[in-house]
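Hi everyone, thanks for making the time this morning. I'd like to walk you through one structure; have a look at it first, and then we'll go through it piece by piece.

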Amino acid sequence: MRTLFGFILVLWSLAAFANEEVPAMNGKNGYIEPFRMFDNVYYVGDKWVSSYVVETLSGLVLIDSLDFPYSKWIPENLKKLGLGEKEITHILVTHGHSDHVGGAEYLQSIFGSKVIMTKKGLELAIEQSGKSKGKNKFLPPKVEAFATDGSSIVIGGTEFKFYITPGHTQGDLSIDFLVKDNNVNYRAFIVGGHGVNFQKPSLVKAFLSSMARIKKLANESPVVAVNLSNHPHKNNLFANRDKIRQGESANPFISSSNFFQFIEQQEDSASKKIKENAPLKKTGNPNTSIELNVKALVD
């Protein structure tokens, strides 16, 4: 009897300890209550970084896993959404920065999820893991398969198409799939990384090339109608959520113009930063030298 009681006490202690490790779900920590966006897509991210769950016939697909330890909110969010009994079968990671991949290994250890990302993305994740400290310390995930440019995978009847679109990092993975709204399909697109990376000059040219390519891909039929940005401020996520809560009949997340405006904003922002950061050549006309240098970067 004492052995049984001791065993129960250990389990209780472990459960209590695990709960203490979960960061407080409050606004100060950036916690956001999860919500449904489409018939098959839910938001489980926080105030600053997006994380989406796609419900398929064979389980759940998680896109980006938040930074650790805030990824511990995701299983709790699934319970709140009524998805607590479903397994996260796959985790798709857009790039190797810790706020997108930091929780992947933790969630993988709970659900046995298969992680898919790019090879360069994993290299960056390993680098970021080595630099992580304290409560944010995380391990890189075990990758089931590396996504290659133009590859795809069908999970529970839902096809996810992958494109490598470097610029924010070398291993940015953009994801293309169909969402359902009232049983009608709409094409959604997640751009793998936002914002040009000036720490690596080679990525400056790559970023603008990737944005141009994404724009071309998005115009293919069916035209992209849903911008699932991997940061919520990039797709008016919370404003659109509030419109749904206020009873707006049309789903505000369905907007082709929103997606293409977003891409144009990325291009404009990058071009502006290129001009601000372009080195000056010693010529008679400093304005001309700026234009020459910008052209050299983007051609």
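Let's begin with helix H7, residues 237-245, where Leu237, Phe238, Asn240 and Arg241 are buried. Please keep in mind as we go that this is a predicted model. Looking around the axis, those four residues cover an arc of only 160°, and that puts them on the same side of H7. The general point behind this is that an α-helix has 3.6 residues a turn, so residues three or four places apart point the same way.

What do the buried residues of H7 pack against? They pack against three strands: S1 (35-36), S2 (41-43) and S3 (52-56). Just after H7 you'll find Gly247, with a positive phi of about 95°.

You can see both senses of pairing here. S1 and S2 are antiparallel, joined over two bridges, and Phe35 stands opposite Tyr43 in S2. S4 and S5, on the other hand, run parallel and are joined by four bridges; there, Leu62 has Ile91 in S5 as its bridge partner.

Stay with S5 for a moment: is this strand mostly covered or mostly open? Mostly covered, with five of its five residues buried.

Now turn to H4 itself, residues 104-111. Its buried residues are Ala104, Leu107, Gln108 and Phe111. Viewed down the axis of H4, they fall within an arc of 105°, so they line one face of the helix. Their cover includes strands S4 (59-63), S5 (88-92) and S6 (114-117), along with helices H2 and H3 (98-101). Just after H4 comes Gly112, again with a positive phi, this time about 70°.

Finally, how do H2 and H4 meet? The axes of H2 (residues 73-80) and H4 come within 10 Å and cross at roughly 55°, which makes H2 oblique to H4. From H2, the contact has Ile74, Pro75 and Leu78; from H4, Leu107, Ile110 and Phe111. By type, the residues of this contact are six nonpolar, with no polar and no charged ones.

That's my tour, so over to you for questions!

Note on methods: Residues numbered from 1 in each chain as written. Predicted model: local features only at pLDDT ≥ 70, side-chain atom pairs only at ≥ 80, totals over all residues. Heavy atoms only, no water. Axes fitted to C-alpha atoms, helices over the stretch in contact; angles between N-to-C directions. Parallel < 35°, antiparallel > 145°, perpendicular 65-115°, else oblique. Contact = heavy atoms within 4.5 Å. Nonpolar A, V, L, I, M, F, W, Y, C, P; charged D, E, K, R; others polar. Buried < 20%, exposed > 50% of the residue type's maximum accessible area, 1.4 Å probe, protein only. Arc of directions from axis to C-beta. Pairing = 2+ DSSP bridges.
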